[in-house]
Every structure is written in structure tokens, then in C-alpha cells.
Amino acid sequence: MQDDHQDKIFTKDFAFIWLANFFIFLGFQMTLPTLPIFVKELGGSDQLVGLIVGIFTFSALLFRPYAGHALETKGRGRVYLFGLLLFIISVGTFGFMTSMVMLFVMRIIQGVGWGFSTTASGTIATDLIPPKRRGEGMGYYGLSGNLALAFGPALGLSLVGVISFKTLFLSSAALGVIALLLSMNIKYKKVAQSPHRTKVARFDVLEKSAINPAIILFFITLTFGGIASFLPLHAVEKGVAGIEMYFIFYAAFLMLSRIFAGKIYDKRGDLYVIPPGVLLVFSAMLLLAWLPNTVTLMVAGSLYGFGFGMIQPALQAWAVDKAEANRKGMANATFFSFFDLGVGIGAIVFGQIAFLFGYKYIYIVSAASAIVALMYYLYLVLSGRRNPRKA
């Protein structure tokens, strides 16, 4: 009975972090497709859309290492609370912005809050999940963000034609407040102290055990930068209705894949989930470049969701599996830093590509990025440098 209890994933604390993550992601996802429209309404160009989206991820990237260190020194709860507060304050002020400069500043603050809160929540979930079921558990944990994705973008796009942007962003901030209240009910595990622990080095910003899966993630999330920033605008240019359906199908198939992909990772290893997932992402990008109708949009969303749902939990479990107990926070920080870097670079570079060549070429380049991710993974396999959990 004791072993059964120790191997249990669905505890009360896991439920609280799951729900808190759902609400903060729901608030974030409501702004994901609507913020570019808001920027356009304020008179911004495609390049400015990319910059506004990109600076958020770069600020999150810059502060994730600090979040990782703070998780090991200040405790999980304080770091999570700090990140949630910054997110709530920044998103709540978006609708009051009439200047691009001030919106730019608040996006930086939002990025800092997002960097701290998501690094903390991922680490808290890692603490709560039994090590032997980490792939499965991270898949279930990821469903909280996926479920938010199923409703958030479609809800935001539906509301933006009915309510003001100010009300929309305040509603998103209110969801962050719910996440904060839920976080106060979690019993956080104490940080594991290494007997040889020394003062943190000033430039200790990466966990080496997480670098290889994080590099693969980087090339995958480059594709996400193009979707988050420009897919609604691309669909309008193509005359394709039903952009909400892309996000619904994406989220539905993301959730479907995560139900079993984590179990496959735990039992068989990454080789059975990462290559198939990358090929599905590649196929989705080619369909988005083509995009003749709404059906293609839905198929692309399904393929991308299924593929990304296979890849992300496997890569995150890989990233934290080999880290020392007192480096789990840094492993998650490293992992999400590369996530942010991919989205941020993608948004900024694709903004320039959209300006020079058109939206279609965003997704052609994204398809090439997925192939680079697969090639790097195969290089690790063939060179014997792949070091996640063995099959």
C-alpha cells in the first residue's frame, strides 16, 4: 500500500497545481491571438507585431535562470507567487495602453512574470510526480495547459468582437487571480539540499543535462512563433474562415496524444515518440503554407497538436530525469528558456519574413525548422550522445 501511495500521481496538491496552471494558461491563451489584432488596431505593422510578441518571450528567457536559482534558494511557493503577481498586473494593464512604448514595457514585465510562474509550476509538478511515472505525469500535467488552449484562443477571438480589449485583458488578469488563490493551497515540498552545495555561480544559467532536449525543443517552438503571431492574419489574407477551429482541433489532439505519449516514453523511450511527433509538425506546417480552406486549417491543427503533444512532455521528462535533485529547477528553467527562445526568435524573424515575402513563407521556413530538429535528434542517436531514459 505504501508503494502504491508513493507512485500515485493524482494527489490533492497535484490537483491544485493542475488547476492553477489551467487558469493562468487560459488567461494567457485568450491574449495570444488577440494581442496581434490589438497591435494592428493601434496602428502597428507586421514587424511590430513580431516585436511585441517576441519581446515577451525574450524577457521570459532572460529571467528564467534567475527563477531556476530562486526555486532552489527561496522556495517554490515564493517564486510562483511572485510570477503570478507580475503576470496579473501586466495583463490587466494592456487594455489601458495607448502607446506602443508602454505596451512594449508591459509585455516585458509580463514575460518576467511568465518566466517565473511557468518555471515554478513545472518544477512544482515535477516534485509531486513519482520519478518512475514522470513522463506520464508530465503528460497529465500538460493537459491543464492544453485544455486552456482548447478554449482560450477561441474564447478570446469570440469575445474581441463583443467586448472591448480593456474588458478582455482584465478578464484574463482575473483568471490569473484565480490561479494565485489556488496556489496558496499547495503544500510545497522542501528543496532537496546537496551535501556539497556551494554558492551559485554568477553565470550558472543552464543545466547541462537539459541542453540536448532543449535544443530540439527550440527548433520545434520556432514553428509556434509563426503560428502564435501570424496565423490569424494569414487566414484572413487567404480568405479562410474559422481560425478558432484551428486552436480547438490543435488542443483536442494535443490532449489526445498526451494521454498515452507519456506512458510510451516511460515504457519504451523517446525514440518511439519524438521522431513521429516531429514529422507530424512538419506536415502541419506544409498544410498551413498551402491553406486553401477551413478543412485544411483543421487538419493542420490536428496534426500539429498530436505531434507537439508527443514531443513536449517527452523532452521535458528527458530534461529533468538526469538532473540532480537540487538542479531540477534549473533543468526546467533551461528547458523553458529554449522554448521561449524559439518562440521569440520565430516571432521576430517571421515578422520580417511576412513583411518581405508574405505569410506563406513563414510556414515553409517552419517546416524546414522541424526537419532540423529531427536531424539533430538523429545525430544524437547515431553518435551515441542521446542520454534520456533508455527504452
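**Close-up views of a predicted model: cavity lining and helix contacts**

**View 1. Helix H7 lines the largest cavity.** H7 supplies the largest share of the lining of the largest cavity, namely six residues. The structure shown is a predicted model. The largest cavity holds about 580 Å³ of space. Its lining consists of 35 residues, and those closest to the cavity centre are Phe25, Gln29, Trp114, Phe336 and Phe339. Two or more lining residues come from each of helix H2 (12-31), helix H4 (46-73), helix H6 (100-128), helix H7 (134-159), helix H9 (211-238), H10, H12 and helix H13 (328-356). Sorted by class, the lining of the largest cavity has 19 nonpolar, 12 polar and four charged residues. The count of cavities of 30 Å³ or more comes to one.

**View 2. Helix H2 against helix H5 (residues 76-93).** The axes of H2 and H5 come within 12 Å and cross at roughly 25 degrees. Angles under 35 degrees count as roughly parallel, and H2 and H5 are therefore roughly parallel to each other. Their crossing is left-handed. On the H2 side the contact involves Ile17, Ala20, Asn21, Ile24, Gly27, Phe28 and Thr31, which meet Tyr80, Leu84, Phe87 and Val91 of H5. Eight nonpolar and three polar residues make up the contact of H2 with H5, with no charged residues.

**View 3. Helix H3 (residues 34-41) against helix H8 (residues 165-183).** H3 and H8 pack at an angle of about 150 degrees, and their axes are 12 Å apart. Angles over 145 degrees count as roughly antiparallel, so H3 and H8 are roughly antiparallel to each other. H3 passes H8 in a left-handed crossing. H3 contributes Thr34, Leu35, Ile37, Phe38 and Glu41 to the contact, while H8 contributes Phe165, Leu168 and Phe169. By class, the residues of the contact of H3 with H8 are six nonpolar, one polar and one charged.

**View 4. Helix H10 (residues 243-268) against helix H12 (residues 294-321).** The axes of H10 and H12 cross at roughly 40 degrees and come within 6 Å. The crossing in which H10 passes H12 is right-handed. The contact of H10 with H12 has 22 nonpolar residues, together with six polar and two charged ones. Both H10 and H12 are also among the elements that give two or more residues to the lining of the largest cavity.

Note on methods
Residues are numbered from 1 along each chain as its sequence is written. This is a predicted model: local features need pLDDT of at least 70, side-chain atom pairs count only at pLDDT 80 or more; totals for chains, interfaces and linings use all residues. Side-chain values use heavy atoms; hydrogens and water are left out. Axes are lines fitted to C-alpha atoms, for helices over the stretch in contact, and angles run from 0 to 180 degrees between N-to-C directions. Helices (H or I, at least four residues) and strands (E, at least two) are DSSP runs, numbered from the N terminus. Angles under 35 degrees count as roughly parallel, over 145 as roughly antiparallel, 65 to 115 as roughly perpendicular and the rest as oblique. A crossing is left-handed if the near helix is turned anticlockwise from the far one by less than a right angle, and right-handed if clockwise. Contact means heavy atoms within 4.5 Å. Ala, Val, Leu, Ile, Met, Phe, Trp, Tyr, Cys and Pro count as nonpolar, Asp, Glu, Lys and Arg as charged, and the others, Gly among them, as polar. On a 1 Å grid over the protein atoms alone, a cavity is a set of points where a 1.4 Å probe fits but cannot get out, and a pocket is an open set with protein on both sides within 12 Å along at least five of seven lines; lining residues have an atom within 4 Å of a point. Grid points are joined across faces, edges and corners, and a volume is the space filled by probe spheres set on the points.
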